[in-house]
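Here is a protein to explore with the sequence and the 3D view side by side. Have a look at it first, and then we'll walk through its strands, cores and surface.

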Amino acid sequence: MFTDGGQNAIVRVDPATKQVKMWPLPPERIHTNLNTAAFDGKGRIWFTGQNGVYGRLNPTAGDMKVWDAPKGRGPYGITSTPRGDIWFVSLAGSYLANVDLETGAATVYEPPSKDQGARRVWSDSKGRLWISEWNSGNVSVYDPGDKSWKQWKLPGERPRTYAVWVDPDDKVWLSEWVANAIVRFDPTTEKFESFPSNRANSGVRQMLGRKGETWIAESGTERIRVIRHAVRTN
């Protein structure tokens with residue numbers, strides 16, 4: 001399932017039958033500029049819209065709810081934790097938010113850097129939230145367990161941090177647009193390693209992967225590439 005900004009809808013494609021099913025947003029919620037989506041622990045899909053909304057769809061019942069986001073415009077990246085909790089970030093609002101899975105109410109958590117431009121968010125295996133900060137060039141992490149924040153500046157001059165993905169070994173992968181590179185951050189050693197693209201203006205907006213492989217969508221070059229790397233064995 002995915003967001004379709006052009007049709008202002010949530011769309012599902014059945015890989016077996018190739019059947020496409022679409023759930024349009026309510027008619028009063030037009031031009032939401034849909035962004036990303038994530039499933040909670042009950043099989044419902046949550047989504048963000050940059051024009052100031054977030055929402056939830058139960059694909060089994062077909063029930064959809066849409067809420068106004070805190071601070072208006074800006075909801076961008078969204079993620080689920082291993083427990084099935086849902087968190088999203090706001091690029092324009094520069095915050096992290098956790099939603100009540102039943103009422104939809106959003107609780108805002110402010111990162112330490114003001115106006116940092118929280119762009120995307122990903123949970124690690126412990127439920128900590130890793131955030132790519134576009135304006136500050138930081139990667140930050142919020143731990144809901146002890147309510148603590150930490151942040152690190154990416155290497156280079158005035159970095160711009162866009163995508164974030166946490167691999168199964170809890171290494172944090174980020175795309176850095178100024179350096180035109182993918183950067184891996186090790187939270188244990190607090191060190192960065194850079195993997196530059198061999199094509200200019202790669203424009204990586206999203207990443208995913210599996211153990212030992214990081215898959216990268218280069219929107220600027222219209223290609224997908226993979227970085228294969230050593231994995232933790234214990």
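Strands themselves are DSSP runs of E with at least two residues, numbered from the N terminus. What you're viewing is a predicted model, where local features need pLDDT of at least 70, side-chain atom pairs count only at pLDDT 80 or more, and totals for chains, interfaces and linings use all residues. Residues are numbered from 1 along each chain as its sequence is written, and side-chain values use heavy atoms, with hydrogens and water left out.

**Strands and sheets**

Which residue of strand 3 is the bridge partner of I10? That's W23. Strand 2 (residues 9-13) and strand 3 run antiparallel and are joined by five bridges. Six residues sit between the two strands of this hairpin, and K18 takes a positive phi near 65 degrees there.

Further along, strands 8-9-10-11 make an open sheet of four, in that order, with antiparallel pairing. Strand 8 (75-80) and strand 11 (106-109) are its edges, each pairing on one side only. On average, neighbouring strands here are turned by 25 degrees against each other, direction ignored (the axes are lines fitted to C-alpha atoms, and angles run from 0 to 180 degrees between N-to-C directions). Inside this sheet, strand 9 and strand 10 are joined by four bridges, and V89 has L96 in strand 10 as its bridge partner.

Another open sheet has four antiparallel strands in the order 12-13-14-15. Strand 12 (118-123) and strand 15 (148-153) are at the edges with a single partner strand each, so one side of each has no neighbour in the sheet. Its neighbouring strands are turned by 20 degrees on average, direction ignored.

**Nonpolar cores**

A nonpolar core is a set of buried Ala, Val, Leu, Ile, Met, Phe, Trp, Tyr and Cys residues joined through side-chain atoms within 4.5 Å. Buried means under 20% relative accessible area, exposed means over 50%, and partly exposed is in between (1.4 Å probe, protein chains only). The largest core has twelve residues, including W46, W67, F88 and L101. Strand 9 (86-90) and strand 10 (95-99) are the elements that give two or more residues to this core, and strand 10 has the largest share, with three. A second, separate core of eleven residues includes W130, V164, L174 and V183. As background, nonpolar side chains tend to be buried together in soluble globular proteins.

H31 lies in the loop between strand 3 and strand 4 (34-39), while E222 is found between strand 21 (213-218) and strand 22 (223-228).

Notes: Pairing = 2+ DSSP bridges.
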